[in-house]
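Here is a short report on one protein chain. The sequence and structure come first, and the notes follow.

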Amino acid sequence: MKRFLLLALLLMGTTLHAADLPYDTTADANAQVQQALALAKQNHKPVLLFFGANWCEDCRSLAASLSEPKNAELIKRDFNVVKIDVGQFDHNLELASSYGNPIKKGIPAAVIVSPQGQLLYSTKAGELSNARRMSSDGVHDFFQDKLNKLKS
């Protein structure tokens, strides 16, 4: 009986932990990007693509920071978001390449695309690859700066 309870607790913990992971490893990323672009044409907001993986501490840190109220409000208000799993750098690589290979210098990586599908910004130098060391305000300022440059 004790073994059964222990096994049940372990399985529940694994399930709960998986729910907290930012990247859906089974998602059709190409379809998600196309859906986000279609929505972007309707709501006139750019698409923000995040490339990362669940094993990546910086990716999880960035996701946690983006869920904080100030950041969540900014992202929801100004972007259509798609999170793209790159696995062990063996998933969705063609999609990353089509946006200038932002993952070349590390993950997480971000790409901003216009509603018409034009590349507006890409992290090409690993700008977010130390996200675990960025404060919540630093993350907010990073994306606010990109928005300001897009609007100018």
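The model is a predicted one. Phe 142 also counts as buried, at 13% relative accessibility.

The whole structure holds four aromatic pairs. In one of them, the ring centres of Tyr 121 and Phe 142 lie 6.3 Å apart. Their planes make 70 degrees, so this pair is edge-to-face. The pair ties together distant parts of the chain. Tyr 121 belongs to strand E4 and Phe 142 to helix H6, 21 residues apart.

Which residues form the aromatic cluster? The members are Phe 50, Tyr 121, Phe 142 and Phe 143. Phe 142 has a further neighbour: Lys 146 lies over the face of its ring, 4.6 Å from the ring centre.

## The sheet

Four strands make up an open sheet. Their order is E2-E1-E3-E4, with mixed pairing. Strand E2 (80–85) and strand E4 (119–122) are the edge strands, and each pairs on one side only. From one strand to the next, the twist averages 20 degrees.

Helix H2 (residues 29–43) packs on this sheet. Helix H2 touches E1, E2 and E3. Its direction makes about 170 degrees with that of E2.

Is E3 enclosed or open to the outside? Five of its five residues are buried, so E3 is largely enclosed by the rest of the structure. Ala 109, Val 111 and Val 113 point one way from the strand. Ala 110 and Ile 112 point the other way.

On one side, strand E1 (residues 47–52) pairs with strand E3 (residues 109–113) in the antiparallel sense, over five bridges. Within this pairing, Leu 49 stands opposite Val 111. Phe 51 stands opposite Ala 109.

E3 also runs antiparallel to E4, and three bridges join the two. Here Ile 112 has Tyr 121 as its bridge partner. E3 and E4 form a hairpin, with five residues between them. Gly 117 sits in the turn and has a positive phi of about 90 degrees.

## The nonpolar core

The largest nonpolar core has 39 residues. Which of them touch the most other members? They are Leu 49, Phe 51, Tyr 99 and Phe 143. Phe 143 is also part of the aromatic cluster with Tyr 121.

Leu 49 illustrates the packing. Leaving aside residues up to four places away in sequence, Leu 49 touches Val 33, Val 82, Ile 84 and Tyr 99, along with Ala 109, Ala 110, Val 111 and Val 113.

## Ala 64 in helix H3

Ala 64 lies in helix H3. Is Ala 64 buried or partly exposed? Ala 64 is partly exposed, with a relative accessible area of 41%. Its C-alpha atom is separated by 8.6 Å from that of Pro 22. Along the chain, Ala 64 and Pro 22 are 42 residues apart.

Methods: Residues numbered from 1 in each chain as written. Predicted model: local features only at pLDDT ≥ 70, side-chain atom pairs only at ≥ 80, totals over all residues. Heavy atoms only, no water. Pairing = 2+ DSSP bridges. Axes fitted to C-alpha atoms, helices over the stretch in contact; angles between N-to-C directions. Contact = heavy atoms within 4.5 Å. Core = buried A, V, L, I, M, F, W, Y, C linked by side-chain atoms within 4.5 Å. Buried < 20%, exposed > 50% of the residue type's maximum accessible area, 1.4 Å probe, protein only. Phe/Tyr/Trp six-rings, centres within 6.5 Å; stacked < 30°, edge-to-face > 60°. Lys NZ or Arg CZ within 6 Å of the ring centre and 35° of its normal.
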